[in-house]
Amino acid sequence: ECFQSSSTNSPYVMLLSLDRAASGTNLTAASHVLFLHPMNAEKLSTAVAYEHQALGRVRRIGQKREKIHVWRFIVRHTVEEHIHRLHR
């Protein structure tokens, strides 16, 4: 709730884990989503669903921003890059 308010004391950054906070959170005040690592789950479909669910927390009715920027950080030549390729 504090993150959603427009007061000058509101936080500018909220860090959430995909596996712990992808659902049940309203982030309609957000303008940027940063994925710092790919979701690693038992099934590929579950991992992709978690990422889509996380984006759905921002892109929803009540969104106050005209544009939402999604950033994905992947380190080359790592297991992260391999997992990211599987998700596409």
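**Chatting through the core and the crossover**

Trainee: Hi! Which residues make up the largest nonpolar core?

Mentor: Hello! Ten residues do: Leu18, Leu27, Ala30, Val33, Phe35, Met39, Ala47, Ala54, Val58 and Ile68. Keep in mind that this is a predicted model.

Trainee: And which elements give two or more residues to this core?

Mentor: Those are β1, residues 32–35, and helix α2. As a general point, nonpolar side chains tend to be buried together in soluble globular proteins.

Trainee: Let's pick one of them. What does Ala47 touch, leaving out residues up to four places away in sequence?

Mentor: Ala47 touches Met39, Ala41 and His87. Met39 is in the core list as well.

Trainee: OK, on to α2. How many residues does α2 have, and how far does it reach?

Mentor: Helix α2 covers residues 44–56, which makes 13 residues. From its first C-alpha to its last it reaches 18 Å, close to the 18 Å expected at 1.5 Å a residue.

Trainee: Which residues of α2 are buried?

Mentor: Ala47, Glu51 and Ala54 are. Looking down the axis of α2, you find its buried residues within an arc of 60°, so they line one face of the helix.

Trainee: Then what sits on the face turned away from that buried side?

Mentor: Ser45 and His52, and these two are exposed.

Trainee: Changing topic: where is Arg59?

Mentor: Arg59 lies in the loop between α2 and β2, with β2 being residues 69–72.

Trainee: Is Arg59 buried or exposed?

Mentor: Exposed: its relative accessible area is 54%, and the cut-off for exposed is over 50%.

Trainee: Now the strands. In what sense do β1 and β2 pair?

Mentor: They pair in the parallel sense, over four bridges. To see one example, look at Leu34, whose bridge partner in β2 is Trp71.

Trainee: And how does the chain cross from β1 to β2?

Mentor: The chain goes through α2 on the way, and this β-α-β crossover is right-handed.

Trainee: Can we zoom out? What order do the elements run in?

Mentor: Starting at the N terminus, the order is α-β-α-β-α, with three helices and two strands in the protein.

Technical notes: Residues numbered from 1 in each chain as written. Predicted model: local features only at pLDDT ≥ 70, side-chain atom pairs only at ≥ 80, totals over all residues. Heavy atoms only, no water. Expected span 1.5 Å × (residues − 1). Buried < 20%, exposed > 50% of the residue type's maximum accessible area, 1.4 Å probe, protein only. Arc of directions from axis to C-beta. Core = buried A, V, L, I, M, F, W, Y, C linked by side-chain atoms within 4.5 Å. Contact = heavy atoms within 4.5 Å. Pairing = 2+ DSSP bridges. Right-handed = clockwise from strand over helix to strand, strands pointing away.
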